[in-house]
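Have the sequence and the 3D view open side by side, and let's walk through them together.

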Amino acid sequence: MAEHLADYLEASARRFPERTAVVDPSGRRLSYAELNQQSDALAAFLANRGIVKGDRVGVVMPKSAAGIVSLFAIMKAGAAYVPVDPLAPAERGRRILTDCQIRALITDERRLAVAPTDQDAPATIVVVGSQTTVNGCDQFEAIVATSAARLTRPRALSDLAYILYTSGSTGIPKGVMLTHENAVSFVDWCSSVFEPNENDRFGNHAPFHFDLSVLDIYVSLKHGATLFLVSEDLGKSPKDLARFIALNALTIWYSTPSILTLLLQFGHLNELDFSSLRIVLFAGEVFPVKHLRALVEQWPWPAFYNLYGPTETNVCTFAKIPAAIPADREAPYPIGPACSHCASLVLNDERQEVETGAEGLLYISGPSVFVGYWNRPTEDAAAFLERDGVRWYNTGDVVTWGADGFIYAGRRDRMVKRRGYRIELGEIERALYLHPTLQEVAVLATADADAGIRIVAFASGRPGQPTPSLIELKQFCATKVPAYMIPDQFVVQQQLPRTSTDKVDYQSLKRMAATPRVA
Amino acid sequence: MQDIIDAIRQFILSTALVGEAPENLRNDMALITGGLLDSLAALGLVSFLEKKYSIELDVDDTSIERFDSIADIAATVARKLSVGAGAGKD
């Protein structure tokens, strides 16, 4: 087993120096030798600027080879990278980077507003793709053009590799801390199941702040394969995305079911040649069977796998989808049994193991389980359960155990999933409470046949204030939360319904939300 | 040009902004970066325009620079139509 994610790159650079490691959305290629050299140069620069083991370094930029160089450079310097959504409001990104107290930031000129300020300002800012020198910043291209020896800093499995922020119920995103052991154990499991080799061509659709990218990047580069980065724009255009997969002859594809469904509906798949695809992986949400069946019929040759796992564990259960899906099947496929590097447990509210077929909460243990949330001891205590000397993570997901593995049965808290992203409805409520004319806010999610879920925000206005328009409310949300968290519908009333104990009556709002177009 | 603008406005008001007063929707408003159209609604709009005007919009046409306001989208569609006409398409 490797000790460190950078070990994979260095081993591949020795075995396949001339092979293409990464293809940028712009078409620019980096060989393994170049990727290794550039990340050594940036690592040496960061070390020279005082970055030491355990430090955090922010990465905020669109998908690019520079991004991959940055991730490896940060880890080679012994630090953990903190990727932030380049499309999310700068205010949210700044809150994340301030929360984990970054010491350095790698970004582009357009996104400098994401940098924490005053006493939280990082000492070093590296700017990518800038023609001119930006005041107080260093130029990425100048740094990576230098040559530097590999840093000899000791590497340990217990070092933090990256921190991924997910939606937090208190309104502030929380940082999931993952070590090299967490990542390496998962990557090695992928190797054992998918058996990639240097001839594989991986797509990387997921952004770096989404944990699906961990599989794409590290499994691909461990095996000397080529990683094709999908730009944010391409990701929004199914027709062009389909062409990208076909023309680059990708062999392994990993995305959310939402993206696969869009490819199926808008990608003109019949007109293109996808015969190179050998594995299609999906994760992040339930794949409606009618769409999955249509996709398997469209692409009968690749193997399809349903991967399941929260950011805290990465993939921890998996199921292979049969080559033919019966026409009368409506139930979604199980998420499968635990992967070989994980152990699973289903417990009821009394923390006793449930019988086969009964519902319970899924707990996971093993080397891929995260070490804790950044600076959130209370949430750590709630997330873990010690049992017979083993540390178990409570996923919060309700499952039943069936013949083919676990069947996902939803959640009991206020977390929902949309397009693979976790959303704490409380985070949207907190954002809307900042609106000057709203008095009270309640955000709910309801099932939707087309979109999976629909988010509905109910609100009451402050007395004497004008009622904000739908446009105004959507625009306000766009300055506070990422696009996937903006409610689909807003209902502003004089007051929200209340229970006999004078709390907001979520049950009655839920019934209203389930009625289409309550406004 | 005005008929293209009207068609885009009508589509947005009847899909993503149901119930909104038409006068609140300005032609220079940022639709996607401003949170008014999500990615699925934007795809629906692309599909609608491709069918209505028999054009094909690719990833460059639908980039944020060319596809974020009603005015920009209408200009993109008009440019596509004029290129098509220039190439002798009917």
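What follows is a short tour, from one whole chain down to single residues.

This is a predicted model: local features need pLDDT of at least 70, side-chain atom pairs count only at pLDDT 80 or more, and totals for chains, interfaces and linings use all residues. Residues are numbered from 1 along each chain as its sequence is written, while chains are lettered from A and ligands numbered from 1 in the order in which they are written.

Let's start with chain B. It has 3 helices and 0 strands, so to speak in the DSSP sense: helices are runs of H or I of at least four residues, strands are runs of E of at least two, and both are numbered from the N terminus. Reading from the N terminus, the elements of chain B go α-α-α. The radius of gyration of chain B is 13 Å, close to the 12 Å that the globule rule gives for 90 residues, so chain B is as compact as a globular protein of that length. (That radius is taken over C-alpha atoms, and the rule is 2.2 Å times the number of residues to the power 0.38.) Along the principal axes, the C-alpha atoms of chain B fill a box of roughly 40 × 25 × 20 Å. Of its 90 residues, 27% count as buried. Buried means that 20 or more other C-beta atoms lie within 10 Å of a residue's own, exposed means 12 or fewer, and partly exposed is in between, with C-beta atoms placed from the backbone.

Where do chains A and B touch? 20 residues of chain A are in contact with 20 residues of chain B, and contact here means that the C-beta atoms of two residues, placed from the backbone, lie within 7 Å. On the chain A side, the elements that give two or more residues are helices H8 (232-235), H9 (238-247), H10 (257-266) and H14 (470-478). H14(A) gives the most, with 6 residues. Sorted by class, this side of chain A has 12 nonpolar, 3 polar and 5 charged residues. The classes work like this: Ala, Val, Leu, Ile, Met, Phe, Trp, Tyr, Cys and Pro are nonpolar, Asp, Glu, Lys and Arg are charged, and the others, Gly among them, are polar.

H14 of chain A turns up again around helix H13. In H13(A), residues 425-433, the buried residues include A:Leu425, A:Ile428 and A:Leu432. What covers the buried residues of H13(A) includes strands S22, S23, S24 and S25, along with H14 of chain A.

Now for some helix packing. Two packed helices are described by the angle between their axes and the distance between the axes. Axes are lines fitted to C-alpha atoms, for helices over the stretch in contact, and angles run from 0 to 180 degrees between N-to-C directions.

| Helix pair | Axes come within | Crossing angle |
|---|---|---|
| H2(A) and H3(A) | 8 Å | roughly 50° |
| H1(A) and H2(A) | 8 Å | roughly 135° |

The angle makes H2(A) oblique to H3(A), and H1(A) is oblique to H2(A) as well. Angles under 35 degrees count as roughly parallel, over 145 as roughly antiparallel, 65 to 115 as roughly perpendicular and the rest as oblique. H2(A) and H3(A) make a right-handed crossing, whereas H1(A) passes H2(A) in a left-handed one. (Left-handed means the near helix is turned anticlockwise from the far one by less than a right angle, and right-handed means clockwise.) The residues where H2(A) meets H3(A) divide into 9 nonpolar, 3 polar and 2 charged. In the other pair, A:Leu9, A:Glu10, A:Ser12 and A:Ala13 of H1(A) meet A:Tyr32, A:Ala33, A:Leu35 and A:Asn36 of H2(A).

Next, zoom in on A:Leu30, in strand S2 (residues 29-31) of chain A. Is A:Leu30 buried or exposed? A:Leu30 is buried, with 21 other C-beta atoms within 10 Å. Leaving out residues up to four places away in sequence, A:Leu30 touches A:Ala21, A:Val22, A:Leu35 and A:Ala65. A:Leu30 and A:Ala65 are 35 residues apart in sequence, and 7.4 Å apart in space from C-alpha to C-alpha.Last, A:Asn314 has a positive phi near 50° though it is not glycine, and A:Asn314 is buried, with 29 other C-beta atoms within 10 Å.
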